[in-house]
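Subject: Structure handover

Hello,

Here is the structure I promised to pass on. Please open it next to this message and follow along.

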Amino acid sequence: MGLKSYLASQSRKPEGFIGKLMGKLMSKINSEMNEKTIQLLGIDEQDYVLEIGFGNGKYIAEIAQKVKGTHVFGLDFSETMVLAATKLNKAFIEQGRVRIAQGDIGEIPYNDMIFDKIFTVNTIYFWPDPNLALRELKRVLKPGGRLVITFRSKAIMAQRASAEYGFSLYTPEAEEVENLLKEVGYSSVSIEHFSNKSIEYYCVVAEY
Ligand SMILES: C[S@@+](CC[C@H](N)C(=O)[O-])C[C@H]1O[C@@H](n2cnc3c(N)ncnc32)[C@H](O)[C@@H]1O
């Protein structure tokens, strides 16, 4: 495996020592996208919040720290990220405010209609079955709850060398995500577009 394809696979599923470093690096590089997503979620005190694909879990800790009484759950299929996020959130886990689990977005291990807010940042590119993922997210979201999916624009992803190396299974236009969300039953969907000299990305906000 060449270096670029190695880095691409580490972005999809960080593993081992390098994966741990990647998790830390991604939480820094992607801070604007994550902060904007959290802002759009509008998290209230006592909300049940779920993040899928949390990297090192920095933003789970941030929510638990900033919003009183929240219960923040994280699901990620990488064992390395689960270990990193568990370490970072140790105090909140002991207080019963944070729960970290290993699992796949295609099979979310929670009961129906648990969460007030759900978010996922920079994971859509790796979803093998976007329709199934969106149905799973809807199943665990409460009616009237809010989902935010954040991802880089297709144009930006196409410029990335890693795209050639299987980084992306799926690099949708925001409208494609909007249409898919409507197809699986979300009634209200809006697209927020952000662009500055260093980054271009979308936050798709959905409710049902
Ligand atoms: C590119 S990183 C993004 C990390 C963080 N959200 C950020 O924006 O910096 C992708 C993360 O999603 C996780 N992931 C990718 N596909 C997943 C899936 N199908 N189910 C659960 N987690 C997944 C990876 O393990 C990794 O932690």
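This is a predicted model: local features need pLDDT of at least 70, side-chain atom pairs count only at pLDDT 80 or more; totals for chains, interfaces and linings use all residues.

**The chain as a whole**

The protein chain has nine helices and seven strands. Along the principal axes, its C-alpha atoms fill a box of roughly 45 × 40 × 35 Å. The radius of gyration is 16 Å. A compact globule of 208 residues would come near 17 Å, so the chain agrees with that expectation. Buried residues account for 42% of the 208. Now take the contacts with a separation of 6 or more: 70% of them join residues 24 or more positions apart.

In what order do the strands of the open sheet lie? The order is 3-2-1-4-5-7-6, across seven strands, and the pairing is mixed. Strand 3 (98-102) and strand 6 are the edges. Each has a single partner strand, so one side of each lacks a neighbour in the sheet. On average, neighbouring strands are turned by 15 degrees against each other, direction ignored.

Two helices to look at here are helix 4 and helix 5. Helix 4 (residues 58-66) packs on the sheet and touches strand 1 (48-52), strand 2 (71-76) and strand 3. The direction of helix 4 makes about 175 degrees with that of strand 2. Helix 5 (residues 79-88) also packs on the sheet, touching strand 2 and strand 3. The direction of helix 5 makes about 165 degrees with that of strand 3.

Start with strand 7, residues 200-207. Is it enclosed or open? Six of its eight residues are buried, so strand 7 is largely enclosed by the rest of the structure.

Strand 5 (residues 141-152) pairs with strand 7 in the antiparallel sense, over six bridges. Among the bridge partners, I149 goes with V204 of strand 7. L147 goes with A206 of strand 7.

Strand 6 (residues 188-195) also runs antiparallel to strand 7, and eight bridges join the two. E192 stands opposite C203 of strand 7. Strand 6 and strand 7 make a hairpin, with four residues between them.

How many of the eight residues of strand 6 are buried? The count is zero, and strand 6 is hardly covered.

**The ligand**

Which residues come nearest to the ligand? They are M26, N30, G53, G55 and S78, out of 22 residues around it. Helix 1 (3-12) and helix 2 (16-29) are the elements that give two or more residues to this shell. By type, the shell divides into nine nonpolar, nine polar and four charged residues.

**Where to look**

For a quick tour, begin at the hairpin of strand 6 and strand 7. Cross to strand 5, the antiparallel partner of strand 7. Finish at the ligand, with M26 and N30 among the nearest residues.

Best wishes

Note on methods:
Residues are numbered from 1 along each chain as its sequence is written. A residue is near a molecule or strand if its C-beta atom, placed from the backbone, lies within 6 Å of it. Ala, Val, Leu, Ile, Met, Phe, Trp, Tyr, Cys and Pro count as nonpolar, Asp, Glu, Lys and Arg as charged, and the others, Gly among them, as polar. The radius of gyration is taken over C-alpha atoms; the globule rule is 2.2 Å times the number of residues to the power 0.38. A residue is buried if 20 or more other C-beta atoms lie within 10 Å of its own, exposed if 12 or fewer, and partly exposed in between; C-beta atoms are placed from the backbone. Two residues are in contact if their C-beta atoms, placed from the backbone, lie within 7 Å. Two strands pair if DSSP finds at least two bridges between them. Axes are lines fitted to C-alpha atoms, for helices over the stretch in contact, and angles run from 0 to 180 degrees between N-to-C directions.
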